[in-house]
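This briefing is intended for a reader who is new to the structure shown below. Please consult the sequence and the model alongside the text.

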Amino acid sequence: MHSSLFCISVFFLTFLIVFTQSTRVADQMYVSFDRARYCVRHLNGTHEIGCQSSMRGNSGRMYMIDNENEFNSYLKDSKTIDSSNSFIIALNIELFNSEYVDKLMNRLDSKLNGLVIYLKSNLSRPKDFSHDDQCPNHRQSYYLNQTETVHWNPKGTGLFFRSFPFPIVLLDEKDDYERLDKFYRQFYNTQSSPTCGLEVKAFQSAAHTSKTCMRRNEISHSLLDAVDGFCDPVGGLNIYSKLPDSLTLVPKQRQPKSVVLILATTDSFQMFLKAQGTTGGAQQPATALITFLALAHVIGQEQKEFNKQDKEIIFVTLDGDALDYSASFRFLFDMNNDYFPAGDKNEQRIKIEHIHSIIEFQSLSFSNNLSLYAYPSSPSIINETFIATLLENNPMITRMNANSPLPPASSQIFQQYNTTTEFSQWIKSIVEPLAQTLLDSYVGNNITNVTIEQEIINNLVYCVLKNVNCPLIHNVSNQSIGNSFDAFEQTSLPFSINTYPTATTPTFPFVQNILSYFLRDREYDKQNITETKCLEQKNNDTLRLYRYVGGYAPSIMPEQNYSGYCVRSYLRYASSSSPAFSIDNYDLSQTTYPAWTESRWTTFTLRLFIIPTRTHEIVTLVIGILLLSISFIVFSILRWYVKLDLLQPSSS
């Protein structure tokens, strides 16, 4: 009898091994979308915006709406709406605006458990789509107290600044859309067939306001000794560089109106984040940043002439201006409190009175008609000579009326305190006349026909728009920094809302290395300094930056034939988060400074599953009860046989 029981046990064990697969049951039940982008929570001093799911996630029956006719039909279909307690609507991105979202929320009320916005392909991207306000950053505008509002962004939906009680997800990969559509069409034939369901997990840790969230962070860190918090201040790094010989050291005094600031931004408006990796926002700053870096190269190329004049030209990138000019507020705060430039105290600090002019690259579009806005704190100090020279050098530029308000730009905050080849050629047509104008205005008319090699702009375009892990970044940085870009192969330079130091964006090291290299001391290249000597210089000079690089051929002087050399440059950077998070005991509910934070989260998932029909559920339940009953009977019989076998006397 013992042998028979052993055989039965082996049979059941073999059955389980043969018919059990290594794949988890959950993996067989769900179809996951790992490349989805998720709407997250942002908070400021007064309220919260964005989206989130419940802690366990939101789920509901999937209903796919592709056009306006389908949308209207669904809202009128009471039978379908009454057939389920919750829905997650898959909505064509063309319908993702306030009008359609509000109609869904009003019709479904609490039954609306989430939105999945899908893009069919890159070719079907909307021509005009923006979730920003129609007047971006109007809460901190220079024209805040004026009654007339200029709608710089007429297609803006303002959805970013609304608070939704459900998660919103974006699918922007073609094959993800095709999978979603395939399953939906397969199971949406009749009401009696199984249907598709969706589950979204996008729980956000932060809630209420930045003041509440930052207080919870402090409690968590002090009482619970927890590393993780609930939210992080929005902001990354403000980066600035200039020609390394244009230093004003203590006790020498910097002259008033002696500093020219050239600005560009490295962040962009962004409603959806990826679960993993970097996420680019709107590509608005890309063209401006390429132009900005190309101009830096020309200034570095002509540094002998620029070193003759008495103006310091400082290139500055601001990160955080997408949300109420946070980075510009921080830049001005640092300047007013003797923190600019950061670093060595032997360098004379720059204040507002030292600023001569500001040139900002913002909203450059691929067009033959560019607008020039000149708006100083007093119209009487407009540099008409500079403007006239610029207009003469570049016929594409049209000067706007003096009464025209400034478009949304970082320089507004200063006012409150007083095809690839064709595209590259277009950038060249902007950079060369501007560099020529700077030379003519600050040096004189001794230099003519300022040029930049087309290959340099081509490489910048490729790095920023196509692949940030490009040969250029490896040639101008040391090996360890260059290797850090390998993880971003075939990734365009991301322009997004950052939280530093938690941000892992490659944007900051890219700008730091390219900008400082283009503005380096070209004469120092010729000294043929060894790598060891270069490291010694780095340790002895606190005012300049030294690094040993392989070199970028179009940027090296013709007489240089060696493979590596020591680069001497000037580079500074500082936090770009709002002053609201740096001032002791500052009340974050005040509106003096923007106080934006971004919520933390633990997981992002979007999964599709099949919802069985009522009949299928009943059949499954009955089969389960029958199997349980049979198992109980078999177990009872086996137990009875075992009991009899134990009662038999042993033959031995």
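The points that follow treat a sheet, the helices on it, a further helix pair and the disulfides.

This is a predicted model, in which local features need pLDDT of at least 70, side-chain atom pairs count only at pLDDT 80 or more, and totals for chains, interfaces and linings use all residues. Residues are numbered from 1 along each chain as its sequence is written, and side-chain values use heavy atoms, with hydrogens and water left out. Helices (H or I, at least four residues) and strands (E, at least two) are DSSP runs, numbered from the N terminus.

- Nine strands form an open sheet with mixed pairing, in the order 1-21-9-5-6-7-8-2-13; two strands pair if DSSP finds at least two bridges between them.
- Strand 1 (31-32) and strand 13 (272-274) stand at the edges with a single partner strand each, so one side of each has no neighbour in the sheet.
- Strand 1 and strand 21 (residues 605-611) run antiparallel and are joined by two bridges, with V31 opposite L608 of strand 21.
- Helix 3 packs on this sheet, where it touches strand 5 (58-65) and strand 6 (87-92), and its direction makes about 125° with that of strand 5. Contact here means heavy atoms within 4.5 Å, and angles run from 0 to 180 degrees between N-to-C directions of axes, which are lines fitted to C-alpha atoms, for helices over the stretch in contact.
- Helix 5 also packs on the sheet, touching strand 6 and strand 7 (112-118), at about 155° to the direction of strand 7.

**Helices 3 and 5**

- The axes of helix 3 (residues 68-76) and helix 5 (residues 98-108) are 11 Å apart, at an angle of about 15°. Helix 3 is therefore roughly parallel to helix 5 (angles under 35 degrees count as roughly parallel).
- Helix 3 contributes E68, F71, Y74 and L75 to the contact, and helix 5 contributes Y100, K103, L104, R107 and L108.

**Helices 13 and 14**

- Helix 13 (residues 420-442) packs against helix 14 (residues 454-465) at an angle of about 115°, with their axes 9 Å apart.
- Among the contact residues are F423 and I427 of helix 13 and I457 and V461 of helix 14.

**Disulfides**

- There are four disulfides in the structure, each a pair of cysteine sulfur atoms within 2.5 Å.
- One of them joins C39 to C51, with an S to S distance of 2.1 Å.
- C39 lies in strand 2 (residues 37-39) and C51 in the loop between strand 4 (48-49) and strand 5, so the pair ties together parts that are twelve residues apart in sequence.

Methods. Angles under 35 degrees count as roughly parallel, over 145 as roughly antiparallel, 65 to 115 as roughly perpendicular and the rest as oblique.
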